[in-house]
Amino acid sequence: MIGYPPELRELIKVVEETREERMEQVMKRLSLEERDELVHRWHPDYRKDTKRPLRIGPNKGEIVYNEIADLLEAWPAEDPDEVDLSKIDYDVDVLVIGGGGAAAAATLWAIYSDVEPDNIVIATKLRFGDANTVKAQGGIQAADRPNDSPAIHFLDTFGGGHFANKPELVRALVTDAPFIIKWLEDLGVMFDKTGEGEMIENAGGGASRKRLHAARDYTGLEIMRVMRDEVWNYGVRILEFQPAIELLTDPETGEVSGALLWNMETGEYTIVRSKVTILTTGGFGRLHLAGFPTTNHYGATADGIVMAYRVGANLRDMDSAQFHPTGVAWPEAIVGELITEKCRGLGAHLVNVEGRRFIRELEPRDVVASAIIRECAEGRGVVTPTGRCAVWLDLPLIDIINGPGTIKRYLPAMYRQFMRQGIDITREPVLTYPTLHYQNGGIEIDPYTHVLRPDGSWIKGLLAAGEVTGGVHGKNRLMGNSLLDITVFGRRAGITAAKIVGEKASKPKISLAHVKRYMAELEKLGIPRTRRAPKILPDYRGKHVLERYINILY
Amino acid sequence: MSKSRQVIVESPEAVVGKKFVTIYYMGKKYRVPAGLTVMKALEYAGYRFIRGVGCRGGFCGACSMAYRLPGDYKLRTGLACQTVVVDGMIIAQFPYTPMHKPRYRIDDMKPDAGLVIKLFPEVTRCIECNACTKACPQGLEVMDAIQTILRGDLARAADMVFDCIACGLCSLRCPAEIRHPHLFQLVRRLYGKYMAPKAKHVEERVREILEGKYDEELDKLVELAKTNVEALKKMYMEREIEK
């Protein structure tokens, strides 16, 4: 609870002295060429040493981050010959794998579309709701103001994604958006509104209109807990601390027919057979790509990617990761945590050690992140007491621009996060540096959330929604499009699942045949048997402990 | 690339080697680097958590804990992912709070405190001891919110407990055995659904979309995205940006 040491207090004076002058300054909008140059030079996506070509599977030869290649070029956690598939523990219509916003939306819309709540199982690694969804602070996009339209939202999203998005998915995203807001409002989500009920909508990086709907800076938490409460009300069976470690397939048709779950506390496996399996396992932040800290929750280890790849799913844009421009760089206790983009939406400046702004703060995220990395690499950053490099985010400006009390009212989570470390953001700037935030790419789906093979055909019985998928955001996601992604495509997955359930008269057979085929390929490549996936949890135990570690109880 | 390019893994090893403090986790003594959160310090000490950890950023409420500081009788509460280690602190975690959630159909409810109390009758047992408020890691006025519900002012109560992260610490401390997280969730939903004014402009836009007002324009954009990205790039760069 110490706050800033004297050497940083000295540097803060520079930020304070230049504040008035900076407020007059208008930062130039970068051209596409200038953006490209900045990103290519400084963004981790373009570093040669962070990625390599995949040696196995449907996307063999494609370039992905090293940490992803490590997981895909890995042996299964289980031995398929040791798994007894004759006893099915849960025999249901719909299996939802994951416990975040996409899982909740999919479950609810499956129920609305006439799947019996008793015929759904949700299997999740941590608790239902322990997900990146609850950490999303800034807001959710939807083009619902008179000066806005789904078409403008399309253009913003497509441009922000470097024109690499899958157009049909973007269209679904922007078209469903206002409907999703209305649905959430009807469920009881407390959006920030004026006294007349008009949504208070903020600016976000890369968005050309103010269309970020927020619930203070707990937007994701509020949306998650309301959807979760509703799932609880329906009495759906939720298996917590039981992540899926493998999908099951029908050996004759190849369709997905359930999953193998693993009880993290007892070590036993459980078998779920289902007519439809919905993957909503989220992203990969806890793999710490390129060595970066992350904003992600503890369980974000890309399990869904691993499982889907083994059944033949096409992965796309896995060469791109989103580094949120403004992670906490100091104090060490909260390094990597998010400083919401809403801060910049409300007018906070990014400032280097000389007290100068160096980028228009509301450029798309990869552009702003690249600019911060540049400032540090070229010696205009602030060196923190723990030896990291950072730039200032001038947060007190928010109250100066929008009136006193704005921070406490609209950014209570931010205020609290720093206050706990002895820093008062209504009076003091904070130190920031990019942090690994979002998996831009993932499993390719169509607008109905069917998982696709590289040839565009469906992998029957398998749907996917949310961060685990790719295509919606191209190579870079805009702020406020992830809460929208999970609700729009979660909903679509629930509806599609209900349709499949209605059409499928009998339950499929279950097997691990696809895993055996994958293993044969691993064998041929000589992948060491010690390399296994999914990873399930990161390991932060101290080196001094692991050096003396003996495993006796297993 | 440049030498100041940071390779910074979250591992506490990055900051080891400076100052250490002693903590006691459920009675066992560990030397851990100063400046870390309780969660990171325990991981440094060799723990790999399954329970008692979630978002690691103060939003999910999974890592509730209680602790005492040396020479102080006061039982303090907090989140392991947000609380920095202090020399001599003794710690226990509460990864789970036993609590039934009453099931209800939100569509059949009314914004009526009487209905709320029917589902959570223990609310009337509040003895105004304020233990809940003292336990809240979010600094919410929990007891005042309970009293506000008893007075029938659900709108005010919903506002007061908006920042609740459902960690359950208030419920563990409450002599009236109130299930605060579920109670507050219901109150907020009743406010959001029934009391907050509706966003008419959202409803209007939904109607326009259903009528197909934007279909043609979107068809064109999808077509351009597939056949003429350069034209789309031009539109993107020339689009007007709202100040």
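Colleague: Quick one to start. Which residue stands opposite R68(B) in β5(B)?
Modeller: I90(B) stands opposite R68(B). Keep in mind that this is a predicted model.

Colleague: Which strands are pairing there, and in which sense, parallel or antiparallel?
Modeller: Strand β3 (residues 64-68) of chain B pairs with strand β5 (residues 90-93) of chain B. The sense is antiparallel, with four bridges.

Colleague: What is the strand order in that sheet of chain B?
Modeller: The order is β2-β1-β5-β3-β4 (chain B). The sheet is open, has five strands and shows mixed pairing.

Colleague: Which strands stand at the edges?
Modeller: In chain B, β2 (28-33) and β4 (76-79) do. Each has a single partner strand, so one side of each is left without a neighbour in the sheet.

Colleague: And what does the twist average from one strand to the next?
Modeller: The average twist is 35°.

Colleague: Switching to chain A. Is strand β4 (residues 90-97) of chain A mostly covered or mostly open?
Modeller: Mostly covered. Six of the eight residues in β4(A) are buried.

Colleague: Which strands does β4(A) pair with?
Modeller: One is strand β12 (residues 269-279) of chain A, which runs parallel to β4(A) and is joined by seven bridges. In that pair, V92(A) stands opposite S274(A). Another is strand β5 (residues 120-123) of chain A, also parallel, over four bridges. There, V96(A) stands opposite I122(A).

Colleague: What unit do β4(A) and β5(A) make with helix α4?
Modeller: A β-α-β unit, and a right-handed one. Helix α4 covers residues 101-112 of chain A.

Colleague: Now helix α14 of chain A. Why does a distance of 31 Å between its end C-alpha atoms make sense?
Modeller: Helix α14 (residues 482-503) of chain A has 22 residues. At 1.5 Å a residue, α14(A) should span 32 Å, so the 31 Å agrees.

Conventions: Residues are numbered from 1 along each chain as its sequence is written. Chains are lettered from A and ligands numbered from 1 in the order in which they are written. This is a predicted model: local features need pLDDT of at least 70, side-chain atom pairs count only at pLDDT 80 or more; totals for chains, interfaces and linings use all residues. Helices (H or I, at least four residues) and strands (E, at least two) are DSSP runs, numbered from the N terminus. The expected span of a helix is 1.5 Å times one less than its number of residues. Two strands pair if DSSP finds at least two bridges between them. Axes are lines fitted to C-alpha atoms, for helices over the stretch in contact, and angles run from 0 to 180 degrees between N-to-C directions. A residue is buried if 20 or more other C-beta atoms lie within 10 Å of its own, exposed if 12 or fewer, and partly exposed in between; C-beta atoms are placed from the backbone. A crossover is right-handed if, with the strands pointing away from the viewer, the path from the first strand over the helix to the second runs clockwise.
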